[in-house]
Amino acid sequence: RCVLPDNSTVIDAFMSALCNCAQHLPNPPEFSLSNQLPIKENKTVSKNMQKSSNENPKDSSSKPAVSKTETILPDSWEWQSDNDTPVSYDAELCKVLSIEYAKKPSGNYYFTLGGYVYCIDFATMTQTNTTTKKRRCVHRHIPASSTISPSASVQQVASEESRGTTYDIPEDGVIHILLLRGLKVNLENSKVNILELLESVSPSKNIPHSLGSSFFLTFPPEWQPQSKTTELFPLSPETPEWDHVAQLFQQSMPKSACTIMSVERIQNKWLWERYFQHRKRLHVKNNGIVNEKELFHGTRKNEPRLIYEGEDGFDMRNSAQGKWGRANYFAANATYSDGYAHIDAKTGLKEMFLVKLLTGESYKCDPDSSLRVPPPIPGSIGRSLQIEQLKYDTVTGSTGGSQVYMAYDNEKAYPAYL
């Protein structure tokens with residue numbers, strides 16, 4: 001049970017955090033946001049935030065029924081055309097987008113239209129054509145009567161979970177109550193993260209400041225439930241996810257040159273958490289610029305399993321000296337990584353990774369084998385991050401007919417697919 005102020009930014013942030021912490025539970029919790037809760041008889045509402053002695057807290061009789069809104073109006077969704085004119089998605093897709101956004105506000109949704117696969121990133125509100133890489137802005141418009149962000153005022157507060165509790169009433173008399181049932185797994189950690197997110201959007205003396213600086217961890221929306229830290233999930237060729245990976249591969253490796261035998265999604269919670277936290281750090285360091293790219297990587301004689309099941313993932317200590325020094329190398333074209341692909345001893349098939357790489361601010365240069373770390377960023381001393389001298393995040397150049405990117409640490413790359 002949580003009392004929220006009449007602030008759409010705070011409410012949206014809270015609902016986003018709630019959906020994120022619930023998305024991987026086997027039995028998702030039931031929750032409703034309402035401003036039309038019935039008043040309980042003898043309920044005390046005051047401004048002192050102290051327990052009332054009018055009732056016995058252990059008394060469980062005559063619990064009030066909770067009023068819920070059954071109908072949720074779908075949001076309207078639009079994409080920005082080349083001449084900056086908003087174009088509406090069709091009604092059915094708007095319904096789907098509203099549902100997917102409500103479940104995972106920071107996730108992605110893939111759909112097929114006109115022979116192309118598109119990815120909508122809810123976190124950045126952008127639509128990307130996975131083939132042409134054309135990116136457009138997306139706009140979400142919330143109906144006035146949406147259950148997610150109610151705005152009507154209420155003067156009466158009641159909750160069977162907190163009988164005998166009194167609350168501060170804001171001067172404008174606006175209160176929203178969130179009732180949540182069934183969320184038991186990692187509840188304490190979720191509380192901290194939700195409070196932390198609320199504090200970031202609406203600083204208040206009523207929210208503890210001693211919550212640390214951790215970020216709320218979310219997993220990719222396509223991930224499936226798993227019982228182990230690391231699991232591989234084979235993709236079906238009939239899915240948009242398979243098509244997305246295959247299209248990236250076949251941009252430089254056409255079907256006539258080779259056949260994709262399998263694509264496996266790698267779900268390593270340990271490596272993902274490190275990658276996720278580093279992405280947040282880059283976001284702060286670079287004023288929102290993380291430049292996440294999907295690139296290829298071959299492991300030569302090293303078994304891919306040592307990377308996707310390892311503690312450090314792509315480990316710099318195993319890197320050989322290259323044209324841009326000792327680094328982890330990643331290529332935009334699969335043809336380049338094909339020359340470094342691992343050959344499975346049992347099947348004789350080649351294997352390579354499709355990697356998520358945080359390129360951040362990348363330094364472009366010709367080959368320079370003396371590099372050990374990216375060079376300093378000119379004029380970075382005056383940036384908001386109070387560090388005397390910032391460095392570029394990665395180095396990039398061209399070789400073997402492909403753009404390549406070099407990372408000089410172990411945190412910027414995640415092995416997404418094999």
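This is a predicted model: local features need pLDDT of at least 70, side-chain atom pairs count only at pLDDT 80 or more; totals for chains, interfaces and linings use all residues.
**Whole chain.** I began with the secondary structure and found seven helices and 22 strands in the chain. Of its 418 residues, 44% are buried. I then looked up the contacts with a separation of 6 or more, and 69% of them join residues 24 or more positions apart. For the accessible surface I noted about 22,700 Å², with 51% of that area belonging to carbon and sulfur atoms.

**Nonpolar cores.** The largest nonpolar core has 37 residues, and F330, F353 and Y414 are those with the most contacts inside it. Among the elements that give two or more residues to this core I listed the helices α4 (240-250), α5 (269-285) and α6 (305-308), together with strands including β12 (292-297), β18 (353-358) and β22 (413-417).

**Helix α2.** This helix runs over residues 91-103, and its 13 residues reach 19 Å from first C-alpha to last, close to the expected 18 Å. I found L93, C94, L97, S98 and Y101 buried in α2. Seen down the helix axis, the buried residues of α2 fall within an arc of 140°, so they line one face of the helix. Their cover includes β3 (76-80), β5 (108-113), β6 (116-121) and β8 (135-141). Last, I checked the start of α2, where a side-chain oxygen of D90 comes to within 3.1 Å of the backbone nitrogen of E92.

Key:
Residues are numbered from 1 along each chain as its sequence is written. Side-chain values use heavy atoms; hydrogens and water are left out. Helices (H or I, at least four residues) and strands (E, at least two) are DSSP runs, numbered from the N terminus. The expected span of a helix is 1.5 Å times one less than its number of residues. Buried means under 20% relative accessible area, exposed over 50%, partly exposed in between (1.4 Å probe, protein chains only). The arc is that of the directions from the helix axis to the C-beta atoms. Contact means heavy atoms within 4.5 Å. A polar contact is a pair of N or O atoms within 3.5 Å; within protein, one must be able to donate a hydrogen and the other to accept it, and residues adjacent in sequence count only if both atoms are side-chain atoms. Accessible areas come from the Shrake-Rupley method with a 1.4 Å probe; for residues, only the protein chains shown count as cover. A nonpolar core is a set of buried Ala, Val, Leu, Ile, Met, Phe, Trp, Tyr and Cys residues joined through side-chain atoms within 4.5 Å.
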